[in-house]
Every structure is written in C-alpha cells, then in structure tokens.
Amino acid sequence: MARLEAQLDRTAGIRETMADDEGVVTARSNLRAWQAERLARTHADLQASPKFGAAAEFFLADLYGPQDLGHRETAVRRVMPLMKKTLPAPALETIADAIELDALSESLDADMAAALRENAGAIDAAAYGAAYRRVARREDRARQIELIRHLGHSLEQLTEARFVGPALAMMRKPAQLAGLGELQSFLERGYAAFRQMGGAREFVETVTTREAAISEALFAGDDRPLQA
C-alpha cells in the first residue's frame, strides 16, 4: 500500500502544479483528447475484435482516456481501508499499477502541454511530434509502455486469482454506499474485460509493440505513424 500512496501523492502534486496555469490546463485537455483519438485509430482493429474489444475499450477509455482521473485517486484514498480488508494482494497491485501509470502519464502530459501551449487549439501530427522530441524523456516513455505491459499482465493474474470475483462483488454495495461507485465500476470493468479474453498475452504484446514502434519513430523524426 505504500507504493499506492506514493503514486497518489505524485499525481496530486502534478495536478496541483498545473492548476495554477490556465493555459497549460487547456492545452492538457486538448492534448488528451487528441491522444485518445490517435490511440483509437492505432488500435481500431483491437476495438473491433470480438475477443479483444472489451479489453481495448478498457485500456483506451478507462486507463488513458481524455477524462480527468483526479476523482478516481480521491476515491482510492477514501476506500483504502476497505480494500485492505477485502481485496487480495493481486487486486491491490493492479490498482497500484493503474495509479502509477496515471501518475507517469500525467507528468509526461504536463510537459507536453507546456510544449504545445501555442498550438493547443490546433494539435496535429507535426506539432505533436515536435513537442514529443522537445520534451524528450525517452526513458520515461519506455517506462510508460512497460507499465502498460505490466498492468496488462497484472489484470490477467487478477482474473486467475480464485477469490477476486467474489471479493469485488462483496465490495459493490459498501462502495456504492460510500459514494465510490465509479471506482468499483472501474475495477469490475477491468476484471470482466480481461476475464473475457481468456488470456491477455497477445493483446498486451500487440498494444505495447505498436506503442514502442511509434515512440521510436517519433524520436527518429518520423511523424507518419501518428496519422495512420
């Protein structure tokens, strides 16, 4: 749980810093919307797949969608005592992975938003690629992709744990009564999406291989993958 609390603090600090700059906040919102559209184009085949569609939607909408996830971190803080009592270790690790991914993505997006500030209202592949190279942080980009891979495997392990399904069901009513229905829904959607696949390796490797190739192309000065 210490890891989870540290990542919650990290994310909160980044959002608090950005909140003081209205221009960066606007650029971040536009950036996230543009990135969501790009991800949907890149992985359109996975979203359309009967086998992978639910998992793709969970990744693209719940883990890296355009919405502000600050309310989710607040919810996690509030429900931590309940999670400790009712959720097995694999479930807690999955939540920690998701929060760490969000924290790193938030940090990278903050730098991208600052770099894109002048083009915030008209982001295109060229502007995004130039900002991506200007921000650099190549090791953090690789870490972001590795976190996606690790989270995918954590979700797969979650579906294999014997008592996770019943534990999530047991948490549903208390979570709703505590005003934490959105967090509970997030957990159940991830569990259901990955359980439906019956094995996540192909999906996870497809997503991360594509994202790693795009990152390498951008650092090499090639923005064409953003348009595909």
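Predicted model: local features only at pLDDT ≥ 70, side-chain atom pairs only at ≥ 80, totals over all residues.
Which helices each supply at least two residues of the lining of the largest cavity?

The helices are H2, H4, H6 (89-115), H7, H8 (138-160) and H11. Of these, H11 gives the largest share of the lining, five residues. The cavity itself has a volume of about 370 Å³, and it is the largest of three cavities of 30 Å³ or more in the structure. Its lining consists of 22 residues, and those nearest the centre are Arg38, Leu39, Gln144, Ile148 and Glu211. By residue type, the lining splits into 14 nonpolar, five polar and three charged.

Now H11. Its 19 residues, at 1.5 Å a residue, should span 27 Å, and the C-alpha atoms at its ends are 27 Å apart, so expectation and model agree. The buried residues of this helix are Phe203, Val204, Val207, Thr208, Glu211, Ile214, Ser215, Ala217, Leu218 and Phe219. As background, an α-helix has 3.6 residues a turn, so residues three or four places apart point the same way. Glu211 is on that buried list, and Glu211 is also among the residues nearest the centre of the largest cavity. Just past the end of H11, glycine 221 has a positive phi of about 90 degrees.

Next, the rings. How many aromatic pairs are there? The count is seven. One of them joins tryptophan 34 and tyrosine 128: the ring centres are 4.7 Å apart and the planes are at 25 degrees, and because stacking requires planes under 30 degrees apart, this pair is stacked. Tryptophan 34 sits in H2 (residues 22-42) and tyrosine 128 in H7 (residues 125-135), so the contact ties together parts 94 residues apart in sequence. Both tryptophan 34 and tyrosine 128 are buried.

A second example is phenylalanine 59 with phenylalanine 203. This pair is tilted, with 5.6 Å from centre to centre and 55 degrees between the planes. Phenylalanine 59 belongs to H4 (residues 53-63) and phenylalanine 203 to H11 (residues 201-219), so here the parts tied together are 144 residues apart in sequence. Phenylalanine 59 has a relative accessible area of 8% and is buried; phenylalanine 203, at 1%, counts as buried too.

Last, the cluster. Ring pairs link Trp34, Tyr128, Tyr132 and Phe219. Phe219 brings us back to H11, where it is one of the buried residues.

How values were computed: Residues numbered from 1 in each chain as written. Heavy atoms only, no water. Phe/Tyr/Trp six-rings, centres within 6.5 Å; stacked < 30°, edge-to-face > 60°. Helix = DSSP H or I, 4+ residues; strand = E, 2+ residues; numbered from the N terminus. Buried < 20%, exposed > 50% of the residue type's maximum accessible area, 1.4 Å probe, protein only. 1 Å grid on protein atoms, 1.4 Å probe; cavity = no way out; pocket = protein on both sides within 12 Å on 5 of 7 lines; lining within 4 Å. Points joined across faces, edges and corners; volume = space filled by probe spheres on them. Nonpolar A, V, L, I, M, F, W, Y, C, P; charged D, E, K, R; others polar. Expected span 1.5 Å × (residues − 1).
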